[in-house]
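Let's explore a protein together, one question at a time. Have a look at the structure first, and then follow the answers below.

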Amino acid sequence: LDVGLDYRYRYEYRDDDIRRPVAGLDDPMLHRTRAYFGVHDLLDPFRFAVEMQDARRYHSQFPRDNRDWNPFEIIRLYGELYFEDLLGRDAQGNARPLSLRYGIHNFEFLDRRLIGNNQWRNTANAFQGFHGSLGQEHSDWQVDLLAVQPMERDIDRVDRPAEQLWMYGVIGHWRGWSQFVTLEPYYLALHQSPYSRVAGRTLHNYGLRAYGIVGETGFDYDTSFNLQAGRNGAEDTEAWAATAELGYSFDLPWQPRFSVFYGQATGDENPADQEDNRFFRFFGFGRPWSANDYIVFDNIRTPKLRLECAPAKSVRVDLGYSWYWLDSATDRFANAESQRDPDGAGGRFIGHEFDIRARFSLGAMTEITLGYAHF
């Protein structure tokens, strides 16, 4: 029996938020409460879980939106059939279970840039449908199967599955090749049937992620590549995206880690042709791109430098510097109050950002985070 209760309060002091239609000061107070109840083992093979979330924003001069406001919603409610060792065991003796879940899910996969639950944002991503899993995180291989509809976060009504929109996925995890690398080949698909407001869309995403720790050298890495094809309304889709991070951990008392990162996702080159080159980011989270939450995973080129350390057992600090360019000057700057520039006269460079964050652990159940970011 699992019972959980989580409350988070965040105060933001935002000066000239570029996501807003007008400049000025905004200092919202964000509240998020979650309650979880789950049963496993007792009734095996049947298991279930339910999680409620209440997300609200007060003391803001701007209208409510579904980034911050989504009161009293279910973000997890599923039944599960779980067979612990139906698929045998690997060479290390770890069981390969079979799990079949149906209902509402709040999950994340891969590096969370395509499927994430958005822990930083006040509201959460949720999906309704089927999630099957062969194997587990501790076994040498694992496969996740998805057939879900994203839930539309509605600030005035109960959330419901997006109309005519389905996401399908096959995500593999192969850990048996080498101790230095985990390979994650995956296929994601999006299908939206035409209806009154949408012309229809079919998208295929083929991807591969590789990550690991290079023995005792101090180096670690995380790379991914995505290729997309399909059709968006009357246009053909051809797009791609890639990320690469290389880190080095120093053998020093504060455990410092320095990393370099580069990420790129294509934008649409020509608004007048019949081809859509803008990378579709599915349902990932934006926090790793910008601490201000300004950048998303489409039409972007971003190099980053980061430093992380732990000055004390209960204190973690990280800071970084990022640069941002549009991949296509003729496409939009997403997540900001800007229109598409069909002539590209504004150029590619968007700006740069410095951010720093300190996290203080006050025991096993409480954490305080202080952060600053300048774009």
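Predicted model: local features only at pLDDT ≥ 70, side-chain atom pairs only at ≥ 80, totals over all residues.

Q: Why does the radius of gyration of the protein chain agree with that of a compact globule?
A: The chain has 375 residues, and for that length a compact globule would come out near 21 Å. The C-alpha trace spans about 60 × 55 × 45 Å along its principal axes.

Q: What percentage of the residues of the protein chain count as buried?
A: Here a residue is called buried when its relative accessible area is under 20%. Applied to the 375 residues of the chain, that rule gives a buried share of 45%.

Q: Among contacts between residues at least 6 apart in sequence, what percentage join residues at least 24 apart?
A: Contact here means heavy atoms within 4.5 Å. Take the contacts in the protein chain whose residues are at least 6 apart in sequence, and then pick out those that join residues at least 24 apart. Their share is 56%.

Q: With which side chain does the side chain of arginine 56 make a polar contact?
A: Arginine 56 sits in strand E5, which covers residues 46–58. Beyond its neighbours within four places in sequence, arginine 56 is in contact with several residues, including Met29, Trp69 and Asn122. The polar contact of its side chain, at 2.7 Å, is with the side chain of aspartate 54.

Q: Which class of residue, nonpolar, polar or charged, has 12 members in the lining of the largest cavity?
A: The largest of the four cavities of 30 Å³ or more has a volume of about 120 Å³. Its lining has 16 residues, and Arg10, Glu12, Arg14, Arg19 and Asp68 lie nearest its centre. Three lining residues are nonpolar and one is polar, while the class with 12 is charged.

Q: How many nonpolar residues does the lining of the second largest cavity have?
A: This cavity has a volume of about 60 Å³. Among the residues lining it are Leu110, Tyr186 and Phe297. Three of the lining residues are polar and three are charged, and the number of nonpolar ones is four.

Q: Which strand gives the most to the lining of the second largest pocket?
A: The second largest pocket has a volume of about 1200 Å³, and 39 residues line it. Strands E9 and E12 each supply at least two of the lining residues. With three residues, the strand that gives the most is E9.

Methods:
Residues numbered from 1 in each chain as written. Heavy atoms only, no water. Helix = DSSP H or I, 4+ residues; strand = E, 2+ residues; numbered from the N terminus. Polar contact = N/O pair within 3.5 Å; in protein donor to acceptor, adjacent residues only side chain to side chain. 1 Å grid on protein atoms, 1.4 Å probe; cavity = no way out; pocket = protein on both sides within 12 Å on 5 of 7 lines; lining within 4 Å. Points joined across faces, edges and corners; volume = space filled by probe spheres on them. Nonpolar A, V, L, I, M, F, W, Y, C, P; charged D, E, K, R; others polar. Rg over C-alpha atoms; globule rule 2.2 N^0.38 Å. Buried < 20%, exposed > 50% of the residue type's maximum accessible area, 1.4 Å probe, protein only.
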